Amino acid sequence: MATKKQSKAAKKQTKAVAKKQPKAAAKKQTKTAVKKQPKAAAKKQTKTAAKKQPKVVAKKTQVVKKQPKATAKTETSQTFGGQYGYFDDANKEYVLRNPATPIKWCNYVGTLAYGGIVDTTGGTVLCKGDPALNRITKYISQMPCSDFKGSTTYIRIKEKDSIKILSPFVVPTCTMWDKWECRIGLSYTKWVAEGFGLKVTVIVFVPSKSSTLIQDISIENVSRKNMEIDVVPVYEFSHFDALKQLTNADWVPQTMTVEAHKEKSGHVILEQYAFMKKQYAVNYFTASQPADSFDGDRREFLGFNEITGWAAPATLYKGKLSNSTALRGDNIAAQMFKFKLAPKKVGRVATQLGQEKSIEEAMPAIKKYRDLKNVDKAFADLADFWKNYLTALQVKTPDSSFNSMINVHNPRQCHTTKNWSRYLSLYQLGFGSDRGIGYRDSSQDLLGVMSHMPEEARVLAENLLSVQLEGGNAMHQYFPSTMEANEGDSREKEDRPKYYGDDHLWIVLTVASYLKETGNLEFLKKEIPFYNKKKELEAREKGTVLEHLKRSLAFSWNDRGTHGIPHLGFADWNDTVNLPTGAESLFNASLFAKALLEMIDICEAIEDKELAEQYKNWYEEIKAQVNKTAWDGEWYVRWFDEKGEPLGSSKNKYNKIDSLGQSWPVISGIAPAEYAKTALDSVNKLLNTENGIKLSWPGYNGFDPHVGGVSTYPPGAKENGGIFLHANPWVMIAETIIGNGDRAFQYYNQINPAAKNNGKINEFESEPYCYPQNILGSEHKQFGLARNAWLSGTSSWTYQAATQYILGIKATFKGLSVNPCIPKVWKEFSVSRKFRDAVYEISVKNPNGVSKGVKSVTINGQAIEGNVLPILSGKKHIVEVVMG
Ligand code: GLC
């Protein structure tokens with residue numbers, strides 16, 4: 001985030017990794033590696049290499065001769081400009097037709113349990129359970145898009161006197177096809193490349209609950225002659241400790257190993273591991289078809305000591321791969337599959353890149369996915385998973401890009417953020433101890449999937465609760481494979497608090513949302529340990545979920561400053577404003593108030609009147625303090641610094657107004673009606689732009705150590721006056737609360753990435769099928785440029801804003817509340833919503849062109865009082881709502 005943050009973080013990473021890798025073990029590793037590299041083997045390796053080299057060299061002239069032919073076909077002159085692709089709503093895909101996207105665009109496959117990122121030019125980041133501690137492929141995201149990035153598949157076409165080397169992913173041969181598309185689907189990506197007499201289709205996905213990445217490759221001969229085609233998929237491995245792979249070129253390569261298992265059938269399994277993992281976790285690469293040849297050593301595969309690179313591996317210009325294994329060095333897994341195809345014939349091979357404890361344990365999965373029928377079934381099952389997931393909530397409104405986002409892409413992104421938190425993206429690279437599963441991030445992400453997968457959400461909520469401290473505040477992040485937690489960037493400064501003032505409050509909202517969605521009040525009684533680094537898990541203090549929530553609230557209540565406002569801690573939601581100890585945060589006050597409201601609902605549901613009463617008193621006290629101390633005249637201030645001076649006030653030179661300072665007092669109900677309207681009008685006047693609402697204004701113009709990280713960015717970037725998208729839906733929600741449906745919808749449209757697909761995409765640059773984290777604000781010359789796609793709280797909150805506040809369908813303890821706040825021009829809309837054991841088919845009519853107000857509700861033809869649909873069982877219930 002901040003420069004300072006970065007350099008310190010770098011140091012810390014090394015320390016943390018060293019910490020995690022017990023010193024003894026680290027030493028042992030080195031020793032073991034040294035001891036165990038049998039001399040004979042080492043010699044053998046050198047010999048093999050020496051033996052093989054001449055062969056390659058011998059063919060050198062040939063390669064050089066042939067290469068120009070292949071490169072001559074390189075059509076870099078293809079028009080890459082214009083639109084990049086389109087939404088195919090029927091197939092729930094975004095179809096990219098141009099590989100030269102302004103920046104890398106990508107998709108997610110699998111889950112954190114096994115999966116990662118697949119970019120549109122075939123690069124793969126893969127891990128099992130933890131991107132930092134169990135990485136499988138090596139992807140350097142800073143490399144240009146045209147470079148090999150962890151994986152590719154080559155297609156070799158052999159003709160009488162020439163060889164063509166292509167890739168259906170375009171990269172790294174950079175040869176264009178006559179027709180090319182990349183379909184970004186729900187947890188899969190599908191490429192279709194046509195040209196050179198072929199139609200090549202590749203589908204990459206991870207079957208549900210499996211630990212293997214499938215690459216399903218089909219090649220059709222669409223020419224009129226017989227063709228000889230070789231297909232060569234390649235993956236490059238990373239050391240399991242992803243950061244070590246980048247920082248250590250001594251120990252790492254000494255430990256990296258590839259063995260080959262040749263089966264009688266001709267199938268080959270390449271087994272890869274870092275030496276110390278041999279007995280615990282091995283990666284494997286195999287396929288549905290016998291391999292002609294293979295390589296495990298990158299230098300052997302690329303040939304010529306790698307000088308011709310990935311664009312034209314020398315081995316591909318000779319007959320076979322080198323059948324190399326590797327006792328050290330850069331490990332890859334490449335296999336060659338041969339096809340002789342008559343016209344109209346299709347060849348198909350499905351590869352598997354998996355990880356299991358041993359090859360023996362992997363055999364059932366290996367056998368299963370060697371059968372192409374099982375590959376087809378796994379792909380169909382994946383589609384069923386998504387169908388089921390998405391039917392939890394489907395809408396039909398007069399706005400087609402709203403429908404497309406709400407029915408497919410936004411809930412899909414919510415599923416992705418639920419999985420990966422902020423741990424692994426092409427921006428959050430998942431190295432070292434910098435990130436992990438973020439406490440506040442995941443607590444909010446869960447709000448976006450609660451209507452779709454409440455029980456899965458509960459499991460993650462339990463993990464979060466288990467890294468809450470006995471005192472009520474929370475650790476900032478944890479690592480899923482070890483459940484070790486840390487204090488995030490607050491470790492940076494000795495003299496600052498080691499907690500964030502908001503983390504522990506979010507989980508109250510999350511648990512409340514789970515309880516309202518499911519009615520499972522028993523969950524409140526579940527015992528979960530509090531985090532205590534110094535104690536083994538079994539020795540840690542335990543408390544019920546209710547006790548955890550009570551401690552969250554008590555922490556903030558007892559941690560208030562001179563204005564009676566909760567302290568900032570190291571930072572609040574805005575990570576980058578790091579005021580000296582003693583500062584207070586008005587955002588924390590509002591979040592605390594909202595958490596109190598949720599807790600009051602919970603207390604009422606469990607009929608604990610006394611506790612409800614206590615929290616009502618706390619709420620009133622906070623509300624009074626905020627309105628007494630923080631109203632600046634036309635908006636609320638956002639912080640009081642350690643001296644009690646306001647920040648986010650008209651008195652300040654920079655950061656005069658902050659968006660959260662206005663949206664959250666409305667969301668938490670602490671802003672009186674007049675203040676709410678005035679504050680939101682100020683946001684509209686001073687922070688809104690055609691590309692979204694800026695987080696604050698004006699941006700700092702130079703580093704100011706008093707405020708810290710925020711002033712490391714130029715004005716208009718990220719938290720420093722940029723359009724930080726996460727904060728936009730909060731303004732939408734606040735506008736719906738005060739009944740302003742037109743403005744809420746205007747704000748929704750401003751940041752809808754799908755709406756950028758036409759016309760604005762070259763300014764926006766980021767994927768149009770998911771929300772980015774930030775867009776440069778109007779103080780920046782590159783106003784409108786988006787970055788940090790996929791893993792952002794924007795996804796969860798925009799989904800909530802759209803479904804629970806604009807369409808107004810919200811789970812409560814008493815039933816499903818219907819309270820829309822829509823643009824006045826909408827005459828009608830409908831929502832199908834699964835809730836508890838039933839499906840509610842809700843159609844809303846708006847004959848008088850209002851934004852808010854429900855006049856009548858009927859369920860299955862029967863009128864009901866009020867606007868809360870009772871909890872029903874049975875399948876479908878027809879609900880008719882008239883606004884007015
Ligand atoms: C990033 C962080 C998130 C934080 C936000 C604002 O998105 O992941 O935790 O709230 O920045 O600083």
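The charged end of Arg-560 is placed over the ring of Trp-557, at 3.6 Å from the ring centre. This contact, like every feature described below, is taken from a predicted model. A second contact between a charge and a ring involves Lys-277, which lies over the face of Phe-240 at 4.5 Å from the centre of the ring.

By class, the lining of the second largest cavity comprises five nonpolar, six polar and two charged residues.

The largest cavity, by comparison, has a volume of about 310 Å³. Its lining is formed by 22 residues, of which Leu-447, Ser-513, Gln-800, Gln-804 and Lys-810 lie nearest the centre. Two or more lining residues are given by each of helix H13 (503-518), helix H15 (586-605), helix H17 (659-667), helix H22 (793-806) and strand S35 (809-811). The largest share, six residues, comes from H22. In terms of residue class, the lining of the largest cavity contains 11 nonpolar, five polar and six charged residues.

Contacts between aromatic rings were examined in turn, and the count comes to 48 aromatic pairs. One of them, formed by Phe-169 and Trp-191, is edge-to-face, with 4.6 Å from centre to centre and 70 degrees between the planes. This pair links distant parts of the chain, since Phe-169 lies in the loop between strand S7 (162-166) and strand S8 (179-184), whereas Trp-191 belongs to strand S9 (residues 188-195), 22 residues apart. Phe-169 has a relative accessible area of 2% and is therefore buried, and Trp-191, with a relative accessible area of 0%, is likewise buried. In another pair, the ring centres of Tyr-423 and Phe-479 are 6.2 Å apart and the planes stand at 55 degrees, so that the arrangement is classed as tilted. Because Tyr-423 is located in the loop between helix H10 (400-420) and strand S20 (437-438), and Phe-479 in strand S21 (residues 477-479), the pair ties together parts that are 56 residues apart in sequence. Tyr-423 is buried, with a relative accessible area of 0%, and Phe-479 is also buried, with a value of 2%. Beyond these individual pairs, ring pairs link Tyr-84, Phe-87, Tyr-94, Trp-105, Tyr-108, Trp-420, Tyr-769 and Trp-790 into a cluster.

Turning to strand pairing, an open sheet of three strands was found in the order S32-S33-S34, with antiparallel pairing. Strand S32 (723-724) and strand S34 (786-789) are the edge strands of this sheet, each pairing on one side only. S32 pairs with strand S33 (residues 772-775) in the antiparallel sense over two bridges, and Ile-723 stands opposite Ile-775 in S33.

Definitions and conventions. Residues numbered from 1 in each chain as written. Predicted model: local features only at pLDDT ≥ 70, side-chain atom pairs only at ≥ 80, totals over all residues. Heavy atoms only, no water. Pairing = 2+ DSSP bridges. Helix = DSSP H or I, 4+ residues; strand = E, 2+ residues; numbered from the N terminus. 1 Å grid on protein atoms, 1.4 Å probe; cavity = no way out; pocket = protein on both sides within 12 Å on 5 of 7 lines; lining within 4 Å. Points joined across faces, edges and corners; volume = space filled by probe spheres on them. Nonpolar A, V, L, I, M, F, W, Y, C, P; charged D, E, K, R; others polar. Phe/Tyr/Trp six-rings, centres within 6.5 Å; stacked < 30°, edge-to-face > 60°. Buried < 20%, exposed > 50% of the residue type's maximum accessible area, 1.4 Å probe, protein only. Lys NZ or Arg CZ within 6 Å of the ring centre and 35° of its normal.
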